[in-house]
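Biologist: Could you take me through this structure? I would like to start with the strands and then turn to charged pairs and helices.

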Amino acid sequence: MAYIAPIHRPSSVRHALRSYLLSDDEESLVLVKANRLEIWRLSEGMLTLACSKVVNGTISILQKLRPKDSKTDLLFIGTDRFEYFTLTWNPQTSQLDTIDPFKDPGERHMRDSQSQDRCLVDPSGRYLAMQLWEGVLTVLRLGNRKGNAMVLEWMDQVRLSELFIKASTFLYTETGHPKIAFLYQSRADSGDTKLATYRLTSDDRHTVASRFDPDRDRDIDADIPDSSASMLIPVRKVEEEVKRHNVRNVESAKAHIGGLIVVGETRLLYIDEVTKVTVESALDEASIFVAWAEYNVRNYFLADDYGNLHLLTLKTDGVVVTSMEVYRIGKTSRASNLVYLGNNLLFVASHYGDSQLFRLDFEKEDPRQFTQLVQTLSNIGPILDFTIMDMGNRGDDGQLGNEYSSGQARIVTCSGVHKDGTLRSVRSGVGLEDVGILADLEHCRGLFSLESYGSPKTDTLVVSFLTETRVFRFDPHGEVEEVVSFAGMAFDHQTLLAMNLPNGQILQVTTVAANLLDAESGVTIASWAPGEGRSIISASANSHWLLLSVDGTELVSLTLSDELQTVRQKDISEQDQIACIHVAPELGGIGVVGFWSSGTVSIIDLDTLEPIHGESLRTSKDDASIPRDLALAQILPLSVSGPTLFVAMQDGNVITFNISKDLALSGRKRVILGMRQARFHLLPQPDGIFSIFATTEHPSLIYGSEGRIVYSAVTAEEATYICPFDTAPFPNCIVLATDSQLKISQIDRERRTHVRPLPMGEMVRRIAYSPKEKVFGLGCIRRDLVNGEEVVQSSFKLVDEIIFDRVGKSFALGAPSYTELVECVVRAELPDSYGNPAERFIVGTSFLPDPDLGPGTDVRGRILFFGVDDAASSAGDRNPYLILSHELKGACRCVAVMDDGKIVAGLTKTVVVCRYEETSTTTGELTRLASYRPSSYPAEIVVRGNTIAVADLMKSVALVEYLPAGSTGGGGGDEKVVGTPRLVEKARHFGSVWGTAVGHVEGESWLEADAQGNLMVLRRNMEGVTAEDKRRMEVTSEFNLGEMVNRIRAVEVETTPGAMIVPRAFLGTVEGGIYMFGTIAPHAQDLLLRFQTKLADVIKTAGGIDFRTYRAFRNAEREGDGPFRFLDGELLERFLDVDDATQEAICKGLGPTVEDMRNLVEELRRMH
């Protein structure tokens, strides 16, 4: 049984509008993201989220209606399953209420419209026309009477002779009769474009819909000169000083403001709605326009397919239109919608990149400075491909639990299209928000926060450097000043430790001495110094004890309550060397010492410096890792667990031990935090517990939650040192040092999803990750417009995983005679020419021949093998170099690698297995061994052992087995010795499914996604009675996600014993959603299924659409009754959002208590 939950919710915006929804004096911005409706307020020139509402359906229509005599709007929502409803804002409950839900099942013989579903609302906001079916217009209107003013009334469903409609809109009219315009083609294969306008109603009371007879009812019937025209812009009428009349002599009539603009690729056409007079203007340069918004009656914003923002201006003589002009005013994301919000603010809603809010300033002299970006709404959709950086797979015993939720695994996505293309690093972690930059200081060696004499809170920051110490004081207003002296502290040496003591004294330890200072007078109360020529290497203290390491060979313990009296000195130079020391903050006279040579750690008594318990940290004789930092603190509440010892190893591992009452070490665990040693910084929390900030190349916060220790990544990639800094002007903050700056930051209290972008300026179509080379291999496609001609160029390039930026030179693909497109990129470990394993990137491409250059060759694609230059041997650059370019007669759509290094390639109409051999460092050979012909076209292939899963473009999934020469096998149960290598089909799913992605789940189970947004778990029926039964893959789970999945990446995660959900894969969708897919343990299946059923009955969403209908499998052939053996994690987690009474009603009859179910759902939520 299957489970799915969102890690990152869909973020692409396909629909947007402004509306007086919340109140009659405040306009709001309404956005649609897949199945989520968001309402944003505009405050002080910025957008803030006011409300977010889930809909049980993928939203395909968004419009606003204005009831009669109402000052606020209704929202009209339609889903892809033809379910419609209106929403109104309830100010008493601050929620959206559903007014009028209805469903249009349609007719099976009616064809879907050629474009997306269209919904038009007339300027009065009361008449609505929908184009859902080809050649059919559905007409509705709001009621006239007070009792039904907010209810939509069905008027008619009329036939249209205009079948192939490219654009449509309502017009502004003087008569008050609603009028609609269609831009259409006469036939699907014709190159013409025509315009027709009709009255929507045939009577003056507007109760009867027009028949839309082209001979009787057409008002305007015109041929459009630009056949590429695909946009209509209605133009409002303006008040004229002298009222115009219809004239008999049409030739003398002029085009007044109030009509229609037809926007083409090369020219504009304006038509006066009354006189039918036209004005035509040519564009300076051709462009493909995709969205528009009105600025005022004479100016309109246009967005094109290349991310350019234009301003269309009607040139007028009074109210007479004389010409039109278009000029470029800025660069934006490729727009799905443009929404002008007033006050010179323009919102660009984008499915292809980030949505943006711009401020307009038309007073500037340069038109390209008219727009200023003021806010960005991040979007990681569409996700074309992604890879997983699993940092939890090194070490002797992996961390139990989901690596993604720890934040130590990153999901790196190929997001955006063309110029909006980016790499996005998605991590679950703790956010860090910079409050301010304190100073540009390099090479900081330590940070310590202090309270000056008489101050109730922290107000002093001590910054340590290699040869000096500097101190900064903060006043209550946040002003900062560097002081030349403070409480008698020594400034001429590096400070290893500085802290306030309970008795009002200050302890400072430098490399030359430990000093006890009076905070008021600055007098040195006591001092301790090592002998001549010796220095203090490290220091640690609590309120009673100070532990020092002298030259790394001597331990010294001093008592702070007795003015730095030496309690014990111990020379260990003959046995070992001291690597690190630590004094437990809450355990009195207990310390911890890590040793260099032996790689051990010991709990010591500070009174005697004798070990109490010790433990070796090395797992084998060849393991030479060394402990580099220590922390012994209470992370979990005392009622749950005792203290925990954390040991940071030199190789990036962190080893933890539970500490018993007799100080014995047990429960050893190993967690990977990075590639280099971590440095621990304790952050005090309420109730006497601590969290630990671990700085490494991937900083993490270690804290207790729900009775367990959680490791969460922190969004501070460059942190080297931190310290708590709870001051009056900056409460609950920390000070963070990087290699070049000091910053004051606020740290989140809980983990959430964080996205880090790397703009590429081109579409990143495919990605592969090499853990050995620590780079990502990217297949990119750049599209540029050069002198009006579109130029497409593909390339292969590298991005470093740590600095998350491009490295080396890109490798260009293609030639002047053809365009080459990257189709797939995979990473593999293959033998080099000496037989040693080496990292290789494999790139599959397809050719697009230029029709102007003739037929050319029969080559239609290539497979390329790349190596990566060693940084040491290439002057620091890591460039990809070509080893083999193998030409193909078909496009190479997908590539996979078998365990023994054989290459599996999905070509046009065939799947082949090849052997790859390198003959030198820059040459290789590819030998074809076996082939298999799928039903139509291989969309994706996945390899598991010798089994190859082929996702067919039209015919679902087939399992093909590779049989090497000499093996036993065959089709149809006929087992025989194979003379030559063969590919034999072992099983298939007999269904018409347009597959887009496939991934292995477990055993004989596979997960498939299709173009309609369905997910299916398919299992090979090995227990079948006949050979035909065994060849049939059966559906064990099915579910409608509502988003098309572009990529499925399988994962193997070790979970805790008794875990209910085992993560199996991550999914990336076109809408920017990332989902975790898992399987459910048998002991939890019945409970969770019954739990989901009860939740679906109780929890209602906007529109009141049934959960089972929404999540039921649906394609052109069949429609299910509901999700089959599939759990929706998003629905289960809503259990925590309802009140206690509702929770009790849901849990009634389930068995477990309400508290048990809360804990269960919390456990599910923690997985992602």
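Modeller: Please keep in mind that this is a predicted model.

Biologist: How does β3 pair with strand β2?

Modeller: Strand β2 (residues 15-23) and β3 are antiparallel, with six bridges between them. Histidine 15 is placed opposite valine 32 of β3. The two strands make a hairpin, and two residues lie between them.

Biologist: And what about β3 and β4?

Modeller: β3 also pairs with strand β4 (residues 36-43) in the antiparallel sense, over six bridges. Leucine 29 has tryptophan 40 in β4 as its bridge partner. These strands form a hairpin with two residues between them, and in the turn alanine 34 has a positive phi of about 55°.

Biologist: How many bridges join β16 to β17?

Modeller: Six bridges join strand β16 (residues 179-185) to strand β17 (residues 194-199), and the two run antiparallel. For phenylalanine 182, the bridge partner in β17 is alanine 196.

Biologist: On to charges. How many salt bridges are there in the whole structure?

Modeller: The search finds 61 salt bridges. One of them pairs arginine 1047 with aspartate 385, with the closest N and O atoms 2.8 Å apart. Arginine 1047 belongs to strand β83 (residues 1045-1050) and aspartate 385 to strand β31 (residues 383-390), so this pair ties together parts that are 662 residues apart in sequence.

Biologist: Is that pair buried or exposed?

Modeller: Arginine 1047 is buried, with a relative accessible area of 12%. Aspartate 385 is buried as well, with a value of 1%.

Biologist: Which residue does aspartate 800 bridge to?

Modeller: Aspartate 800 forms a salt bridge with arginine 878, the closest N and O atoms being 3.3 Å apart. The partners come from distant parts of the chain, 78 residues apart: aspartate 800 is in strand β63 (residues 789-800), and arginine 878 is in the loop between β67 (861-868) and β68 (880-888). Both aspartate 800 and arginine 878 are buried.

Biologist: And where do glutamate 823 and arginine 893 sit?

Modeller: Their side chains meet in a salt bridge at 2.3 Å, N to O. Glutamate 823 is in strand β65 (residues 818-831) and arginine 893 in strand β69 (residues 892-897), 70 residues apart. Glutamate 823 counts as buried at 4% relative accessibility, whereas arginine 893 is partly exposed at 27%.

Biologist: Which residues are linked in a network of salt bridges?

Modeller: Lys179, Asp219, Lys237, Glu273 and Lys276 are linked in such a network.

Biologist: Finally, the helices: at what angle do α3 and α7 pack?

Modeller: Helix α3 (residues 1082-1098) and helix α7 (residues 1154-1166) pack at about 100°, with their axes 13 Å apart. That angle makes α3 roughly perpendicular to α7, because angles of 65 to 115 degrees count as roughly perpendicular.

Biologist: Which residues make the contact?

Modeller: Leu1087, Leu1088 and Phe1091 of α3 meet Met1157, Leu1160 and Val1161 of α7. By class, this contact has six nonpolar residues, with no polar and no charged ones.

Key: Residues numbered from 1 in each chain as written. Predicted model: local features only at pLDDT ≥ 70, side-chain atom pairs only at ≥ 80, totals over all residues. Heavy atoms only, no water. Axes fitted to C-alpha atoms, helices over the stretch in contact; angles between N-to-C directions. Helix = DSSP H or I, 4+ residues; strand = E, 2+ residues; numbered from the N terminus. Parallel < 35°, antiparallel > 145°, perpendicular 65-115°, else oblique. Contact = heavy atoms within 4.5 Å. Nonpolar A, V, L, I, M, F, W, Y, C, P; charged D, E, K, R; others polar. Pairing = 2+ DSSP bridges. Salt bridge = Lys/Arg side-chain N within 4 Å of Asp/Glu carboxyl O. Buried < 20%, exposed > 50% of the residue type's maximum accessible area, 1.4 Å probe, protein only.
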